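Reader: Please take a close look at a single part of this model and describe its surroundings. Give the cut-offs as you go.

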Amino acid sequence: MQLSDAMWRQKLGEERYAVCRCAATEAPFSGAYWDHHEDGVYHCAACQVPLFDSTAKYDSGTGWPSFDRAAGAVAEQEDRRHGMVRLEILCAGCRSHLGHVFEDSSTATHRRFCVNSLSLQFAGRHTNEER
């Protein structure tokens, strides 16, 4: 998805633009999804491609939505900003910044995808069960 900077800013709004297009980070324990427990799929807020399934979400204690694996189009690249070397995660569809991935021995995959809520949009899973 190729949009001009002005178009991204208009589409996303200031806060979401800062995170998705400028790699800002929201404060811990402030986002909509850090303590979110519904069943469904988390999509990229910028281009709506599926990124993470709720079955991979867990409470890492960090204050950001955390997943032990990606379910969709998540790309990784080295991030040397802020005097650190980290592994940045991006939406493979539109290259929006999502957060970072870290080693985490508490998960079966030994990975923690630490994601900004502002980079996500949740869609609940609907069942066809009769009530």
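Author: Ser66 lies in strand 4, residues 66-67; strands are DSSP runs of E with at least two residues, numbered from the N terminus. This is a predicted model, in which local features need pLDDT of at least 70 and side-chain atom pairs count only at pLDDT 80 or more, while totals for chains, interfaces and linings use all residues. Residues are numbered from 1 along each chain as its sequence is written, and side-chain values use heavy atoms, with hydrogens and water left out.

The relative accessible area of Ser66 is 0%, so Ser66 is buried (under 20% relative accessible area; exposed is over 50%, partly exposed in between; 1.4 Å probe, protein chains only). The side chain of Ser66 makes a polar contact of 2.7 Å with the side chain of Ser60. A polar contact is a pair of N or O atoms within 3.5 Å; within protein, one must be able to donate a hydrogen and the other to accept it, and residues adjacent in sequence count only if both atoms are side-chain atoms. Apart from neighbours within four places in sequence, Ser66 is in contact with Ala56, Lys57, Tyr58, Ser60, Arg112, Phe113 and Cys114, contact being heavy atoms within 4.5 Å.

Strand 6 (residues 86-91) has 5 of its 6 residues buried. Strand 6 pairs with strand 5 (residues 74-79) in the antiparallel sense over 6 bridges, where pairing requires at least two DSSP bridges between two strands. Within that pair, Cys91 of strand 6 is the bridge partner of Val74.

Conventions
Helix = DSSP H or I, 4+ residues; strand = E, 2+ residues; numbered from the N terminus.
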